[in-house]
Amino acid sequence: MKVKRLVCMSLVVAMFLLVYLFGSLIAIPAKAATQERDVSYSADYTINSEYIDSYLETKDVAEDDGRIQELFMERSDVVSAMQFENSQELESKLAEIDSELQQLSVYKASNNEVSKIFSSGETATMQTQDLNPPTYPPEDTETIDWYSTQLNKQYDGQTYRIFMMMASPTSKKGKLYNIVTKNNYFKNCDFTNLVFDFFLDDVVGTVPYISWIPFDLIIPDIEVINLDDVTFNTSLVSNTTMMYIFIYHEDFKAWDLTMATHYTSVTSSTTYLFLDEYGVTHPETHNKIFNVHALYYDNINHAIGFFRENREHKYVSGHPMIDSIPGITEVIEGTEIYLQFQFYPLPAVLY
């Protein structure tokens with residue numbers, strides 16, 4: 001009896017060990033696959049490919065992708081200008097840009113639609129509920145307008161389906177907006193030789209970018225101005241347009257979030273304070289806009305090349321390749337002012 005009991009116990013232990021070893025063998029490749037997909041972002045982040053398909057069914061395919069990127073660059077510049085001056089001319093220009101985007105089959109997307117795209121299954125149902133269906137015209141946030149478009153792109157003799165989503169800033173200051181105001185007050189500087197030097201933070205480090213000489217400054221009557229008493233303050237402001245590029249994965253019948261890239265409009269805002277002989281201060285403000293974009297912002301072929309090399313016929317990832325520039329440094333009279341660009345690899349935090 002004791003022998004039978006020992007035999008049974010031995011069999012149970014042996015079976016347990018076999019199950020454990022078999023489970024470990026299964027777990028090893030699964031872990032490797034997870035590492036390959038880069039789990040540095042939230043594990044809960046998913047894309048609802050089925051919803052994207054149904055969303056795009058009612059949308060036309062865009063023809064000119066290069067012009068679309070140009071228009072979003074122009075849009076960001078206009079928005080930056082509107083944050084300092086809300087004129088009818090700027091509002092008309094913004095309306096013209098949005099009208100041309102619509103003609104190119106670029107569509108506004110509501111927050112409901114965006115949340116469905118960047119979530120899946122039961123989560124999407126819980127988030128949206130049918131009590132709050134997508135509305136038309138789209139119901140955008142005050143600080144971000146969402147746009148979407150689809151393209152058919154030829155690459156190396158093969159046609160790829162591309163889906164792009166753009167988070168574009170509005171004139172209201174929000175997550176895509178950033179400002180630096182510290183270390184910005186200057187007094188008794190060499191006004192006649194004043195130069196604003198800008199350095200771009202690239203992948204390889206800080207490199208010279210551009211210099212701005214305020215040659216267009218209108219100086220009041222020099223007889224009543226004490227040039228030794230000229231002071232000014234300056235700040236750096238940025239507005240970023242995020243672009244998310246999806247490529248359709250034929251093998252898995254799913255959309256792959258392949259690249260996150262950006263275009264950033266930088267404004268150097270400077271206010272000069274002139275003190276006349278009567279002690280009266282005369283302020284004068286000048287804004288200069290610089291256009292900065294990530295290396296591959298206007299190159300969808302780079303995203304396709306990355307997709308072909310790393311993901312096609314392999315796996316679907318919810319984490320994009322990052323294409324970004326960290327920020328820009330302004331140097332005035334030996335003082336550095338650093339502006340970090342806003343960048344969101346995962347768009348879920350924007351809606």
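A residue is called buried when its relative accessible area is under 20%, exposed when that area is over 50%, and partly exposed in between (1.4 Å probe, protein chains only). Helices (H or I, at least four residues) and strands (E, at least two) are DSSP runs, numbered from the N terminus.

The model is predicted, so local features need pLDDT of at least 70 and side-chain atom pairs count only at pLDDT 80 or more, while totals for chains, interfaces and linings use all residues. Residues are numbered from 1 along each chain as its sequence is written, and side-chain values use heavy atoms, without hydrogens and water.

The predictor's confidence in each residue, pLDDT, runs from 0 to 100. Its mean over the protein is 76, and 72% of the residues reach 70 or more. Over residues 1-44 the pLDDT stays under 50, and the model has 14 contacts beyond four places in sequence for them; a contact means heavy atoms within 4.5 Å. A pLDDT below 50 is also found over residues 121-139, a stretch with 20 contacts beyond near neighbours in sequence.

Helix H2 (residues 49-57) has the buried residues Ser49, Tyr51, Ile52, Tyr55 and Leu56. They lie on the same side of H2, because they cover an arc of only 155° around the axis, where the arc is that of the directions from the helix axis to the C-beta atoms. The exposed residues Glu50 and Glu57 are on the face turned away from that buried side. Among the elements covering the buried residues are strand E2 (107-109), strand E4 (158-169) and strand E9 (231-249).

Rings of Phe, Tyr and Trp (its six-membered ring) pair if their centres lie within 6.5 Å; planes under 30 degrees apart count as stacked, over 60 as edge-to-face and the rest as tilted. The count comes to 15 aromatic pairs. One of them is edge-to-face: Phe72 and Tyr147, 5.2 Å centre to centre with 75° between the planes. This pair links helix H3 (residues 65-82), which holds Phe72, to strand E3 (residues 144-155), which holds Tyr147, 75 residues apart. Phe72 is buried at 0% relative accessible area, and Tyr147 is buried at 2%. Phe118 and Trp146 form a tilted pair, 6.4 Å centre to centre and 50° between the planes.
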